[in-house]
Amino acid sequence: MSTPLLAFEDLCVAFRRKGQWLEAVSGVDLVIGAGETVGLVGESGCDRSPATRAAQGHLPESGRTPRWRVRLAGEDLAELSTAALQVRRGTQVAVVYQNPATALNPALTIGRQLTEIFEYQQGQSVKEARRASVRLLEQVRIAEPTQLLDAYPHQISGGMQQRVVIAMALAGSPDLLVLDEPTTALDASIQAEVLALFETLRAELGLAMLLISHDLAVVRSVCDRVAVMYAGEIVESAPVRQLFEQPRHPYTASLMDCIPRGEAHWQSGRLAWIPGNPPALDDRPMGCAFAPRCPIARDACRHQAIPLRRLDQTHRSRCLFPEETAPPGGNRPPAEPIRRSIGGPVLACEDLVMEYGGVRILDRVSLDVREGETVALVGESGSGKSTLARGLTGLTEPVAGKALLEGHPLSRQQRQRGLNARRALQMVFQSPENTLNASHRIGPALARAIR
């Protein structure tokens with residue numbers, strides 16, 4: 001049997017919180033073979049990312065591994081020096097992060113960020129590194145790569161930024177790509193292009209991939225095997241088709257029930273959800289961590305550690321009653337008819353015109369949103385969706401037209417709007433990392449908004 005490319009053996013990761021070391025990841029066993037794609041799925045807060053950071057030997061100072069063994073191509077990372085680990089990163093394992101905008105340095109051109117990898121890792125000259133960068137951008141299907149080298153990250157689209165980040169990850173010719181939510185920030189059409197690119201690169205280069213995601217549809221379309229993680233433990237693992245057709249852990253089945261169906265509508269009942277939240281690091285229960293939220297939990301589940309049992313040659317489950325797991329759809333709550341009345345217009349725009357640098361983005365757009373109504377604005381990147389939102393909220397000043405709140409005209413600039421208008425019209429942005437001030441704690445940031 002060939003040596004696995006990556007193997008976690010009883011991996012445990014702990015973080016220091018208020019003087020205590022609390023386990024975030026407990027006893028994880030996971031193997032990835034050459035050319036294989038494995039998905040690691042779960043809700044936010046299920047501690048998938050610490051496990052993958054351990055795969056690179058790249059935990060923060062507040063993290064440690066009390067017991068663990070991570071083997072990369074047969075080498076035990078715990079026995080490697082810092083310098084040797086640095087060599088392995090990029091040349092054997094590389095990472096594609098969730099938000100390409102934060103993975104790229106906004107002060108450097110795309111070319112400089114690519115060429116420095118070849119200069120540092122392979123000792124190439126500036127000219128050689130530039131030629132290698134052009135070939136790499138062509139490999140990730142970027143048209144006119146020579147022109148792109150001179151652009152800054154803010155001058156290209158999100159999908160193009162993600163392709164650049166993928167190119168940077170490929171620069172060291174790694175054997176394994178760790179994909180940390182690589183398509184979350186992309187719209188549907190760009191997401192499809194990036195996923196197709198991963199499949200192409202896998203076929204052409206023989207790459208293995210570890211895909212961390214909460215998007216089960218993406219995992220189902222690209223992975224060979226899936227490991228489901230909850231509260232720092234793997235609760236189920238199986239080949240992708242077997243897992244989706246017959247999950248053997250209630251958490252897995254509950255996640256699948258949360259996938260919106262195309263025929264669902266608020267008039268016929270609420271979307272499915274999993275009651276409660278994953279436990280905090282300092283509140284992990286003695287028995288099954290999912291028991292407080294589980295539809296089939298019993299006393300035995302709450303008072304003993306549950307091992308990850310082998311159900312057959314390829315399927316494992318951390319459940320005492322795996323055969324009682326309802327098939328997909330069986331955990332959905334009964335439909336609750338929702339009565340919602342639609343009132344008059346709350347927000348509207350009439351003949352709104354928006355321009356950037358003299359280029360017209362929106363041309364005489366009219367729209368209204370009524371009381372009790374949810375209106376969806378859809379389209380590809382660059383179609384003007386966010387521009388319309390910024391025009392309505394006054395973050396960008398329209399060239400012409402007007403916005404109305406409950407029939408009253410709004411000033412075109414946000415700073416000229418009164419307190420009541422600012423309270424009544426709020427915005428939730430796409431990227432929480434770019435919305436929150438990294439130098440402020442959550443409490444003062446919330447208090448400022450309230451004041």
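# Legends to close-up views of a predicted model

View 1. The largest nonpolar core has 65 residues, and Val 164 and Ile 166 have the most contacts inside it. Helix 7 (residues 158-170) gives the most to this core, with seven residues. A nonpolar core is a set of buried Ala, Val, Leu, Ile, Met, Phe, Trp, Tyr and Cys residues joined through side-chain atoms within 4.5 Å. Buried stands for under 20% relative accessible area, exposed for over 50%, and partly exposed for values in between (1.4 Å probe, protein chains only). Helices (H or I, at least four residues) and strands (E, at least two) are DSSP runs, numbered from the N terminus. The model is predicted: local features need pLDDT of at least 70, side-chain atom pairs count only at pLDDT 80 or more, and totals for chains, interfaces and linings use all residues. Residues are numbered from 1 along each chain as its sequence is written, and side-chain values use heavy atoms, with hydrogens and water left out.

View 2. Contact here means heavy atoms within 4.5 Å. With neighbours within four places in sequence left aside, Ile 166 is in contact with Val 96, Val 140, Val 194, Leu 197, Phe 198 and Leu 201. In soluble globular proteins, nonpolar side chains tend to be buried together.

View 3. Strand 3 (residues 37-41) is largely enclosed by the rest of the structure, because five of its five residues are buried. Both faces are covered: Thr 37, Gly 39 and Val 41 are buried on one side, and Val 38 and Leu 40 on the other. Two strands pair if DSSP finds at least two bridges between them. Strand 3 pairs with strand 9 (residues 208-213) in the parallel sense over five bridges, and Leu 40 has Ile 212 of strand 9 as its bridge partner. The pairing of strand 3 with strand 10 is also parallel, over four bridges. There, Val 38 has Arg 225 as its bridge partner.

**View 4. An aromatic cluster of Tyr 230, Tyr 251 and Phe 290.** These three residues form one aromatic cluster. Rings of Phe, Tyr and Trp (its six-membered ring) pair if their centres lie within 6.5 Å; planes under 30 degrees apart count as stacked, over 60 as edge-to-face and the rest as tilted. A search of the whole structure finds three aromatic pairs. One of them is the edge-to-face pair of Tyr 230 and Phe 290, 5.3 Å centre to centre with 85° between the planes. Tyr 230 lies in strand 10 and Phe 290 in the loop between helix 11 (250-257) and helix 12 (299-302), so the pair ties together parts that are 60 residues apart in sequence. Tyr 230 is buried at 1% relative accessibility, and Phe 290 is buried with a relative accessible area of 1%. The rings of Tyr 251 and Phe 290 have their centres 5.1 Å apart and their planes at 65°, so this pair is edge-to-face. The pair links distant parts of the chain, with Tyr 251 in helix 11 and Phe 290 in the loop between helix 11 and helix 12, 39 residues apart. Tyr 251 is buried, at 0% relative accessibility.

**View 5. Two loop residues with positive phi.** Glu 181 has a phi near 50°, a positive value in a residue other than glycine. Glu 181 lies in the loop between strand 8 (176-180) and helix 8 (188-205), and is buried with a relative accessible area of 5%. Ala 231 also has a positive phi, near 50°, and is not a glycine. The loop holding Ala 231 runs between strand 10 (225-230) and strand 11 (233-239); Ala 231 is buried, at a relative accessible area of 4%.

**View 6. Arg 298 over the ring of Phe 321.** The charged end of Arg 298 sits over the ring of Phe 321, 3.9 Å from its centre. A charge sits over a ring if NZ of Lys or CZ of Arg is within 6 Å of the ring centre and within 35 degrees of the ring normal.

**View 7. His 408 in strand 17.** His 408 is placed in strand 17 (residues 408-409) and counts as exposed, at 56% relative accessibility. His 408 and Ala 348 are 60 residues apart in sequence and 9.6 Å apart in space, C-alpha to C-alpha.
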